[in-house]
Amino acid sequence: MANGATDNQGDYSVQPYRGPKLPNVPEDLVLTDVMNLECDERLWVPQAKDVWFRPLCFNVSHGYFVNILRVRTSGILSRHRHTGPVHATVLRGRWHYLEHPWWAEEGGYAFEPPGDIHTLEVPEGVTEMYTLFHVTGAYIYVDVDGGPMGMEDVFSKLEAARKHYEQVGLGADFADQFAR
């Protein structure tokens, strides 16, 4: 309701909340210019050859992370299983899973349910792929029969970011600004 009008939901007047801050509520995490994909190269954490991620949020208390994945090669990126849901928004380029008929294309959104196993491929002709991922739980990297080969979660991503930022001169604690 406009202009301070009220209804059964409460007072919506143009003034901030005056009450006490609730206990144990962390500070908001607000990042600017995250869609600038040509940002300072030091912000991109190497993940594999021609693959990097830019962290936006490491939520260690809820077991999820949000990042932008940058891939500058075509071919198979990984085969993995999700232990939790994944949300993906394609910012540039396209990719798909060998096990599914759909394509994730620029401007598109995909929801991946927990337990799904799939093989991510960036097709020939795509020189750059950027996708914003919100990943809850872990990726379990698997072989073609589903046997586990490795794992990645919010804690391993945070540790990789700390190590990278230390190496590029930003300091390991630079990564901590993304942790909640």
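Predicted model: local features only at pLDDT ≥ 70, side-chain atom pairs only at ≥ 80, totals over all residues.
Reader: Which strands form the open sheet, and in what order?

Author: The order is β3-β4-β5-β12-β7-β10, with antiparallel pairing across these 6 strands.

Reader: Why are β3 and β10 said to stand at the edges?

Author: Each of them, β3 (45-48) and β10 (109-112), has a single partner strand, so one side of each is left without a neighbour in the sheet. Neighbouring strands of this sheet are turned by 25° against each other on average, direction ignored.

Reader: How do you know that β7 and β10 pair?

Author: Pairing asks for at least two bridges, and β7 (residues 86-92) is joined to β10 by 4 bridges in the antiparallel sense. One of the residue pairs is A88 with its bridge partner A110 in β10.

Reader: What does helix α1 touch on the sheet?

Author: Helix α1 (residues 154-167) packs on the sheet and touches β3, β4 (51-59) and β5 (64-71). The direction of the helix makes about 115° with that of β4.

Reader: Back to A110: why is A110 called buried?

Author: Buried means under 20% relative accessible area, and A110 has 8% relative accessibility, so A110 counts as buried. A110 is found in strand β10. Leaving out residues up to four places away in sequence, A110 touches V86, H87, A88 and W102.

Reader: What makes the phi of N24 worth a remark?

Author: Most residues other than glycine have a negative phi. N24 is not a glycine, yet its phi is positive, about 65°. N24 sits in the loop between β2 (10-11) and β3.

Reader: Which class does N24 fall into, buried or exposed?

Author: Exposed means over 50% relative accessible area, and N24 has 79%, so N24 is exposed.

Reader: What about D33, buried or exposed?

Author: D33 has 53% relative accessibility, and the cut-off is over 50%, so D33 counts as exposed. D33 also lies in the loop between β2 and β3, and the phi of D33 is positive too, near 60°, in a residue other than glycine.

Reader: Now for the space between the strands. How much space lies in the largest pocket, and which residues are the closest to its centre?

Author: The largest pocket holds about 300 Å³ of space. It is lined by 24 residues, and Q47, V51, L77, S78 and Y141 are the closest to its centre.

Reader: Which elements give two or more residues to that lining?

Author: They are β3, β5, β6 (75-82), β11 (117-122), β12 (129-136) and β13 (139-142). The largest share, 5 residues, comes from β6. By class, the lining has 14 nonpolar, 7 polar and 3 charged residues.

Reader: How do you know that β6 and β11 pair?

Author: At least two bridges are needed, and 6 bridges join β6 to β11, which run antiparallel. S78 has L120 in β11 as its bridge partner.

Reader: And what makes β8 and β11 a pair?

Author: β8 (residues 94-97) and β11 have 2 bridges in the antiparallel sense, and at least two is what pairing asks for. Here Y97 has L120 as its bridge partner in β11.

Terms used. Residues numbered from 1 in each chain as written. Heavy atoms only, no water. Axes fitted to C-alpha atoms, helices over the stretch in contact; angles between N-to-C directions. Contact = heavy atoms within 4.5 Å. 1 Å grid on protein atoms, 1.4 Å probe; cavity = no way out; pocket = protein on both sides within 12 Å on 5 of 7 lines; lining within 4 Å. Points joined across faces, edges and corners; volume = space filled by probe spheres on them. Nonpolar A, V, L, I, M, F, W, Y, C, P; charged D, E, K, R; others polar. Buried < 20%, exposed > 50% of the residue type's maximum accessible area, 1.4 Å probe, protein only.
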